[in-house]
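Reader: I am new to protein structures. Could you take me closely through one part, the place where the ligand sits, and then show me what lies elsewhere?

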Amino acid sequence: MTDAIGYERIGDVAVLKAQNPPVNALGFDIREGLLAGIERAEQEGAKAVLIYGEGRTYFAGADITEFGKPLRGIFLPDLCNRIEASPLIVVSALHGTALGGGLEVALSSHYRIAVPSARMGLPEVHLGILPGAGGTQRLPRVAGTEKALEMITSGRQVGAKEALEAGIIDKISEGEPREIGLAYAQELLDHDAPRRAVGELPAPEAINFDAVYEATLKKGRGQLSPATCVRAVQAAAESSSLEEGLKRERELFMELMNSDQRQGMIHAFFSERAVSKLPELKGVAPRELASIGVIGGGTMGAGIATAALLSGLPVVMLEMTEEAAEAAKGRIAGNLQGALKRGKISEAQFTQLTEEALTLATDYAALSDVDLVIEAVFEEMSVKKVVFGKLDAVCKKGAILASNTSYLDVNEIAACTSRPEDVIGLHFFSPAHVMKLLEIVVADKTALDVVATGFELGKRLKKISVRAGVCDGFIGNRILATYRKAADHMILDGASPYQIDKALTDFGFAMGPFAVADLAGLDIGWAMRKRKRAEGMDPRERDSSYVDKMCEAGNFGQKTGKGYYIYEAGKRGGTPNPEVSDLIAAERAEKGITPRAFTDEEIVTRYMAAMVNEAAKVVGEGIARRPLDVDMTLLFGYGFPRYRGGPLKWADIEGLDKVLATIKAGAEEDDYFWQPAPLLEELVAEGRSFDDLNKENS
Ligand code: HSC
């Protein structure tokens with residue numbers, strides 16, 4: 001027996017304790033240990049077996065690190081079948097999270113008891129796979145077809161109470177899993193309870209699976225695993241035996257296991273956790289973070305304040321006038337109302353947050369005692385410099401001075417203070433209390449413990465924090481500017497904004513770039529173009545002015561009802577604006593361009609090549625430390641489809657040589673825009689991948 005499973009005999013009960021921290025993942029040692037434990041219990045004449053987990057949880061699932069590698073030892077599905085087939089009474093005692101293969105082991109046990117705080121579910125869809133150890137066959141047998149479909153296709157976890165009501169567990173009891181499990185096993189033995197195998201229960205109810213499959217496929221926006229789960233549950237209902245259903249489950253599981261989507265989703269799972277673990281921050285303690293200040297109570301500042309308040313941090317909100325401060329409070333209260341409605345906070349908490357934890361101020365002196373200040377004022381260097389000069393004068397020693405700028409030079413901002421080591425960029429995405437991404441922009445002189453505090457704040461606010469270096473647009477907006485240009489060039493050459501948006505939503509993006517531009521406000525890009533033109537653009541850069549004409553006419557997108565699309569009150573989404581097509585046609589004529597047709601595939605190929613090329617430059621220049629930092633930025637801030645893992649994971653799967661070939665082909669038409677990233681050329685020449693870089697730098 002392996003050390004991963006402890007064996008103990010208490011009377012007639014053999015106790016199998018999983019000890020594989022941190023989450024008792026069902027890796028090789030655990031599987032072999034469980035098998036040996038069951039066999040020993042049977043040989044030694046025990047009457048019942050109790051399975052439970054040491055530490056913070058029962059089994060949180062199969063060991064994901066084993067996926068994609070040759071499997072050793074007993075397969076989890078075979079282990080589950082073996083547990084279920086045992087002639088002894090097998091009891092599982094659940095605490096923490098019984099997820100995926102964990103819940104599948106529990107469902108193979110004959111009885112299940114849980115502590116009240118236990119949570120359980122089959123979250124495999126989030127990894128691009130399906131429950132492959134009998135979960136799609138056993139869960140519907142206890143919870144019914146509809147409940148099982150809902151849980152499996154969404155990956156939703158349920159609490160112990162809901163699980164009891166759904167028949168997933170048999171009993172809830174307060175206490176330690178070992179104690180409640182032993183008491184339950186003894187009670188079952190005392191009452192001569194029968195061995196009760198879920199797999200021997202009748203097949204679940206058959207429903208119109210084709211309709212559910214189609215609806216699930218549509219909802220998945222290109223993600224295959226949820227719809228494939230429907231087919232597996234269908235097999236539970238329609239197969240003549242459990243064995244036949246399990247066979248079908250295995251076939252479907254293997255299809256997904258061998259898919260690119262599985263690779264993308266698992267890359268996202270691990271990168272999401274690796275992104276905030278920077279080698280340079282190992283052992284660096286963050287500074288004290290007990291209160292924060294926010295300057296500017298517009299949409300962004302109010303969103304940041306809301307997120308901070310919800311995390312338990314008191315906030316001083318500074319505005320120019322009392323009226324503006326009250327308006328900021330109104331916005332924050334509006335955001336918190338949303339949290340109240342969704343049951344995230346109580347009425348009493350709402351009052352405490354708005355009336356006690358939030359302080360309004362118009363005088364910088366009010367910021368003298370906070371640990372960290374985030375400035376969210378107008379995006380203009382001269383304005384930022386005034387703000388930072390004042391902060392430098394009033395803030396206490398050691399306070400962190402942060403700017404929420406989305407593209408300005410944080411070094412220049414830091415240089416106007418006497419303490420550049422305390423200055424950092426904290427780039428939130430709007431609405432800041434909703435969007436998960438936080439770019440932590442590290443300037444040349446930023447102290448390491450200030451960076452560590454930035455990550456600590458991100459963790460408290462439940463953000464995905466990514467370290468970025470200083471450059472125009474940092475990681476995300478810099479890459480966005482480039483792939484937007486690729487889209488703009490395709491428009492000049494003959495594609496329509498609507499074809500591009502459609503091709504990219506079909507690829508899996510939440511929205512296409514032109515629908516996004518309408519949502520963000522066309523005036524933002526307009527201001528940026530004016531700034532770039534004033535700074536002087538390279539004459540080789542292709543520029544277009546049709547959007548400026550829309551802006552000059554007061555059409556800024558959704559907020560004015562008209563942009564690339566026309567928006568009608570009360571309707572979701574918009575319809576193409578014919579004026580845009582006219583303006584584009586006029587600009588092509590003026591530039592002497594004969595429009596050509598683009599296929600959707602060509603659109604995606606070019607768009608992605610531009611994105612990957614700029615991303616490779618961002619990594620090569622050290623603006624992003626690792627490819628995974630870019631991937632997480634695009635996933636959490638720019639609507640990149642999670643099942644593709646991020647642009648650089650996508651590029652690895654697609655083949656870096658293929659992506660480079662697209663860039664080189666583009667360079668034949670426009671060698672200014674399509675300049676291959678040196679890092680990409682290097683990787684192709686050496687036959688390496690972006691993932692190799694992730695491994696080398698983690
Ligand atoms: C599965 O079960 C498939 C089966 O249906 C079928 C298999 C059949 C095979 C058939 C063959 C023919 N594995 O998140 P945290 C690590 S799929 C390995 O920070 P928390 C994690 O990376 C699985 N490692 O903690 C991190 O490592 P680090 C279904 C895992 O308290 C550390 O543990 N299960 C792992 O915030 C701590 O994690 C799931 O999808 C795993 N399964 O959250 C559950 N799970 O310290 C996935 C975690 O080095 N896990 N790690 O960074 C979770 O959702 C969360 O980790 C918990 C804990 C909620 C469990």
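Author: Start with the space itself. This is a predicted model, and in it the ligand takes up the second largest pocket. Around the ligand stand 30 residues. The closest are Gly101, Glu104, Glu124, Arg273 and Lys277.

Which elements supply the shell? Strand S5 (97–99), helix H3 (101–108) and helix H11 (260–274) each give at least two residues. H11 gives the most, with three residues.

Now look at the polar side chains. In Lys277, an N or O atom of the side chain is 2.4 Å from an oxygen atom of the ligand. For Glu124, the distance from a side-chain N or O atom to a ligand oxygen is 2.5 Å. Arg273 places a polar side-chain atom 2.7 Å from an oxygen atom of the ligand. How much of the ligand is covered by the protein? Taken alone, the ligand exposes 1,200 Å². The protein buries 75% of that.

Next, step away from the ligand. The largest nonpolar core has 99 residues. Within this core, Leu391, Tyr564, Val630 and Phe690 touch the most other members. Which helix gives the largest share of this core? Helix H24 (residues 600–620) does, with twelve residues.

Take Glu587 first. Find Glu587 in helix H23 (residues 578–591). Is Glu587 buried or exposed? Its relative accessibility is 2%, so Glu587 counts as buried. The cut-off for buried is under 20%.

Then turn to Pro21. Pro21 lies in the loop between strand S2 (13–18) and helix H1 (28–43). Pro21 counts as exposed because its relative accessibility is 67%, and the cut-off for exposed is over 50%. Finally, compare Pro21 with Asp657. The two are 636 residues apart along the chain. Their C-alpha atoms are separated by 40 Å.

Pick out Glu124, Arg273 and Lys277 in the view. Each has a polar side-chain atom facing you can trace to a ligand oxygen.

Definitions and conventions. Residues are numbered from 1 along each chain as its sequence is written. This is a predicted model: local features need pLDDT of at least 70, side-chain atom pairs count only at pLDDT 80 or more; totals for chains, interfaces and linings use all residues. Side-chain values use heavy atoms; hydrogens and water are left out. A nonpolar core is a set of buried Ala, Val, Leu, Ile, Met, Phe, Trp, Tyr and Cys residues joined through side-chain atoms within 4.5 Å. Buried means under 20% relative accessible area, exposed over 50%, partly exposed in between (1.4 Å probe, protein chains only). Helices (H or I, at least four residues) and strands (E, at least two) are DSSP runs, numbered from the N terminus. A residue is near a molecule or strand if one of its heavy atoms lies within 4 Å of it. A polar contact is a pair of N or O atoms within 3.5 Å; within protein, one must be able to donate a hydrogen and the other to accept it, and residues adjacent in sequence count only if both atoms are side-chain atoms. Accessible areas come from the Shrake-Rupley method with a 1.4 Å probe; for residues, only the protein chains shown count as cover. On a 1 Å grid over the protein atoms alone, a cavity is a set of points where a 1.4 Å probe fits but cannot get out, and a pocket is an open set with protein on both sides within 12 Å along at least five of seven lines; lining residues have an atom within 4 Å of a point. A molecule sits in a cavity or pocket if more than half of its atoms lie within 2 Å of its grid points.
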